[in-house]
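Visitor: I am new to this structure and would like to be guided through it step by step. Could you show it to me before we talk?

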Amino acid sequence: MIDIPWTTRIALRALRVNKMRSALTMLGIIIGVGAVIAMLAVGTGASRQIAEQISSMGSNLLIVMPGSVTSGGLRMGFGSQSTLTLDDADAILRECPAVQDVAPSLGGAAQVVYGNLNWSTNVQGTTSGILVVRDWAIAQGRPMTDEDIRSSAKVALLGQTVVENLFGGINPLDQMIRIKKIPFKVVGVLDSKGQSVMGQDQDDVIYVPVTTAQKKLFGTAFPGMVRNITVKARSMDDLDPAEKQIKELLRQRHRISARQDEDFSIRNLTQMMQVTEQSTKVMTLLLGAIASVSLLVGGIGIMNIMLVSVTERTREIGIRMAIGAKTWDIRLQFIMEAIILSLIGGSIGIIVGFSSSEVISMVAGWRTIVSLPSALIAFVFSGMVGIFFGFYPAHKASLLNPIDALRYE
Amino acid sequence: MKLIEAREVTKVYSLGDIDVRALEKVSVTIEKGEFLSIMGPSGSGKSTFMNIIGCLDKPTDGQYLLEGVDVGSLSRDDLAAIRNQKIGFVFQGFNLLPRTSALENVELPLLYNSVPVKEREERAVRALKIVGLEGRGRHHPNQLSGGQQQRVAIARAIVNDAPIILADEPTGNLDTKTSQEIMELFQKLNSDSAITVILVTHEADIATYSRRVIRFLDGHLVSDEQQGSRGEPLNPSVRG
């Protein structure tokens, strides 16, 4: 029944009369919407980054580390003595039903040479399980095989950073590199993974068969020793059962009595990362909530101006009522003004939010993600702010007595 | 059927402890097609009576029947609808919307009557033509003279084909010559379109354009006379 285009035109005209006032009122909404979008963009960017880092690390991971050892009443720190072996790793895979795959590893820093270039990198001896455990794909060549492990083959998988630093533009496949002066054949190149949650370059790595690392590169205190074992559980729900099963199995294998401390420890990496992710999400919400306060303040600004406007235009309201405007006609007219104020403010706010997110990511170097839904929500929300804060002044206008309103000077 | 029938209409305003009796048992009947003046000094109750006739206010006591409908029992929005369709207001201060073109001012009652855009414009243009403002539709009130503004207000009053024009001191802000033109326009609308014109005025000179004059004093109706109007012979149909 109400003519929307006409009402809109009337509202726009009323807003144009007081350009400065309308602009300042809008500014409240612009800042509010802009702040909400920018803050959500910062928060979303941060949690996306963490989520990606977590998934780049591989999912549902447990790490079995050598534990503290008590020798002669002296308790040593974690990892003070290696107690884990390749056989432990095989046993975990074989006997723990909740475990999908394992990757034992033994390694350290080593100088690597190709031609006249050399590079110090992290060389890890591991098994074919590493690619499954870390959800890592081969970019080029082939993965490590069980045959490589059995025969202690001198083959290597190279991370992207190593390839860049040693090979420049040359195809590294089937080239010979020397690790600690021992020649290895490059059989594969790994996909790029980027930074870890801790900020380490995950691509600066070389994988060689664990047996080769034990015998040729790093040496071991006892045969079959590994530094740690990364375990992938079958699913998120299997993480806890897997931890329990591994604990039981290793206690048994290491002959630890019920009263003794374990000589290993198990860390739930995924859980740790999820805590980080959770706290980022909380931070996002917090930022958004703080920004929403400014949107609220903007809404109060709209209400304030609308109340002034109703008082100023009492006579106009009286004329409209005398001519036949019903309660809702008057109400809609003022609500429409509030909505237009807040929607125009909201639209500009979206642009401001987008550009300030860009500025933040450029200046601070943070990753920001402006999602379309967040812009849409901010826009709809600003419209609702208009309706909410416009309603009371509009309602007040609609309750005026036409006779008094007509006489108002 | 009687167009307007006031039966012992009483209006009491309470100002704090004091009750002000603005109208005391006023009974008037107005037939369709009449041209009537309501006169009286300020405070006599004529404005209160006009507000009640115009459905801007309700009587405290008594009945007001408009086309046989008891207005006293209607809701706020129902009264708005009656004002929209039955009554065209013309005010002393013109009361046009500022920053709004003459055409849009005239269209306003049609808008609140949900008339489609195209028809709205056609009817507004026609109404402006009737009041002699053809081609002035795009002008804003501040670009028009007082007389022209009042003509726009009259166009707004007739655009919805309301049977009644209620004019409150319509010439109060106009010079003598323009007043004369406006009054002649009312006469023309009254005779050509059979619109009932009810005029509130305290100028005896203006009241001479009407054929019937009722006078208020201290809230009472004190006289009700037929007369020959200026420029027209005494209308035989209402002479007695």
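The questions and answers below go through the domains, the chain contact, the helices and the strands.

Guide: This is a predicted model, in which local features need pLDDT of at least 70 and side-chain atom pairs count only at pLDDT 80 or more, while totals for chains, interfaces and linings use all residues. Residues are numbered from 1 along each chain as its sequence is written, and chains are lettered from A and ligands numbered from 1 in the order in which they are written.

Visitor: How far apart do the C-alpha centres of domain 1 and domain 2 of chain A lie?
Guide: The domain assignment of chain A, whose bounds come from an automatic or database source, gives domain 1 as 4-53 + 275-407 and domain 2 as 82-262. Between the C-alpha centres of these two domains of chain A the distance is 56 Å.

Visitor: Which helix gives the most to the side of chain A that touches chain B?
Guide: The contact, for which two residues count if their C-beta atoms, placed from the backbone, lie within 7 Å, takes 18 residues from chain A and 19 residues from chain B. Helices H1 (4-17), H10 (314-323), H11 (327-363) and H13 (402-407) of chain A each supply at least two residues of that side of chain A, helices (H or I, at least four residues) and strands (E, at least two) being DSSP runs numbered from the N terminus. With 5 residues, the most is given by H10(A).

Visitor: What distance separates the end C-alpha atoms of helix H2 of chain A?
Guide: Helix H2 of chain A covers residues 19-57, which makes 39 residues, and the expected span of a helix is 1.5 Å times one less than its number of residues. The span should therefore be 57 Å, and this agrees with the distance between the end C-alpha atoms, which is 55 Å.

Visitor: How does H2(A) run relative to H9(A), roughly parallel or roughly antiparallel?
Guide: The axes (lines fitted to C-alpha atoms, for helices over the stretch in contact, with angles from 0 to 180 degrees between N-to-C directions) of H2(A) and helix H9 (residues 269-312) of chain A come within 8 Å and cross at roughly 175°. Angles under 35 degrees count as roughly parallel, over 145 as roughly antiparallel, 65 to 115 as roughly perpendicular and the rest as oblique. H2(A) relative to H9(A) is therefore roughly antiparallel.

Visitor: Which strands are the edge strands of the open sheet in chain B?
Guide: The sheet has 6 strands in the order E6-E7-E8-E3-E9-E10 (chain B), with mixed pairing, where two strands pair if DSSP finds at least two bridges between them. Pairing on one side only, the edge strands of chain B are E6 (87-90) and E10 (220-226).

Visitor: Which residue stands opposite B:Val213 in E10(B)?
Guide: Strand E9 (residues 212-217) of chain B pairs with strand E3 (residues 35-39) of chain B in the parallel sense over 4 bridges, and B:Ser37 stands opposite B:Val213 in E9(B). E9(B) also pairs with E10(B), in the antiparallel sense over 6 bridges. There, the residue opposite B:Val213 is B:Glu225.

Visitor: Which residue takes a positive phi in the hairpin of E1(B) and E2(B)?
Guide: Strand E1 (residues 4-15) and strand E2 (residues 18-30) of chain B run antiparallel and are joined by 9 bridges, and B:Val9 has B:Val26 in E2(B) as its bridge partner. The hairpin has 2 residues between the strands, and the residue with a positive phi, near 65°, is B:Gly16.
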